[in-house]
Amino acid sequence: MEDQMEIHKDQFLSRAISQAASSIFMINRMSKIVWANDFFINQMGIDIEKINELYPPSFNEISKNREEYKKLWDILFKNEIWMGEMNFLDNDVYKVFQTIITPLPDKKGNPAYFLVMQNDVTEEGNRNKEIWYRIVTGK
């Protein structure tokens with residue numbers, strides 16, 4: 001009976017993550033996507049068959065800044081959680097994502113995969129900039 005409860009709980013959690021209203025995906029040590037939930041796939045317009053060939057767009061952008069990219073991976077390889085914003089240009093639109101990356105260690109305790117959760121905060125940032133502009137300019 002207890003085993004059935006565990007299986008049911010695992011299925012429930014798997015379904016919840018798959019259907020969450022946030023982008024959730026897993027990457028390997030090379031930043032390549034190994035799994036993504038439906039929200040991420042739909043938001044990015046990715047062909048599910050090609051998901052394992054892709055790198056997350058936000059990782060492509062941060063990798064351009066070598067120092068920031070190194071800091072991110074230094075934190076993750078210490079088995080620590082990284083939180084911050086990641087940005088990228090999507091069809092000439094600058095997007096901002098609030099991001100949390102959690103290392104998933106192997107049996108030896110070394111990070112093998114990383115769970116990434118992202119929320120698009122672009123509109124929120126634009127509203128804040130507009131409010132700040134009105135306060136500063138009085139317009």
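Student: Why does Y69 count as partly exposed?

Tutor: In this predicted model, Y69 has a relative accessibility of 22%, and since buried means under 20% relative accessible area, exposed over 50% and partly exposed in between (1.4 Å probe, protein chains only), the value of 22% makes Y69 partly exposed. Residues are numbered from 1 along each chain as its sequence is written, and side-chain values use heavy atoms, with hydrogens and water left out. Because the model is predicted, local features need pLDDT of at least 70 and side-chain atom pairs count only at pLDDT 80 or more, while totals for chains, interfaces and linings use all residues.

Student: What makes W73 count as buried?

Tutor: The relative accessibility of W73 is 8%, which falls under the 20% limit, so W73 counts as buried.

Student: Why is the pair of F25 and F40 called tilted?

Tutor: Rings of Phe, Tyr and Trp (its six-membered ring) pair if their centres lie within 6.5 Å, with planes under 30 degrees apart counted as stacked, over 60 as edge-to-face and the rest as tilted; five aromatic pairs are counted by this rule. The centres of F25 and F40 are 4.5 Å apart, and their planes stand at 35°, so the pair is tilted. F25 belongs to strand β1 (residues 23-28) and F40 to helix α2 (residues 38-44), so that this pair, 15 residues apart, links distant parts of the chain; helices (H or I, at least four residues) and strands (E, at least two) are DSSP runs, numbered from the N terminus. Both F25 and F40 are buried.

Student: What makes the pair of Y69 and W73 edge-to-face?

Tutor: The ring centres of Y69 and W73 are 6.2 Å apart and the planes stand at 80°, so the pair is edge-to-face. Y69 and W73 both lie in helix α4 (residues 66-77), four residues apart, about one turn of the helix, and ring pairs link Y69, W73, F77 and F114 into a cluster.

Student: How do you know that K70 forms a salt bridge with D74?

Tutor: A salt bridge is a side-chain nitrogen of Lys or Arg within 4 Å of a carboxyl oxygen of Asp or Glu, and the closest N and O atoms of K70 and D74 are 2.9 Å apart, so the pair meets the definition. Being four residues apart in helix α4, K70 and D74 are separated by about one helical turn. K70, at 52% relative accessibility, counts as exposed, whereas D74, at 34%, counts as partly exposed.

Student: How do you know that the side chains of K95 and D120 meet in a salt bridge?

Tutor: The N to O distance is 3.8 Å, which is within the limit of 4 Å, so K95 and D120 count as a salt bridge. This pair links distant parts of the chain, with K95 in strand β4 and D120 in strand β5, 25 residues apart. Elsewhere, salt bridges that share partners join E67, E68 and K71 into one network.

Student: Why is V96 called buried?

Tutor: V96, found in strand β4 (residues 93-105), has a relative accessible area of 15%, and because this is under 20%, V96 is buried. Not counting residues up to four places away in sequence, V96 touches residues including E85, M86 and T122, where contact means heavy atoms within 4.5 Å.
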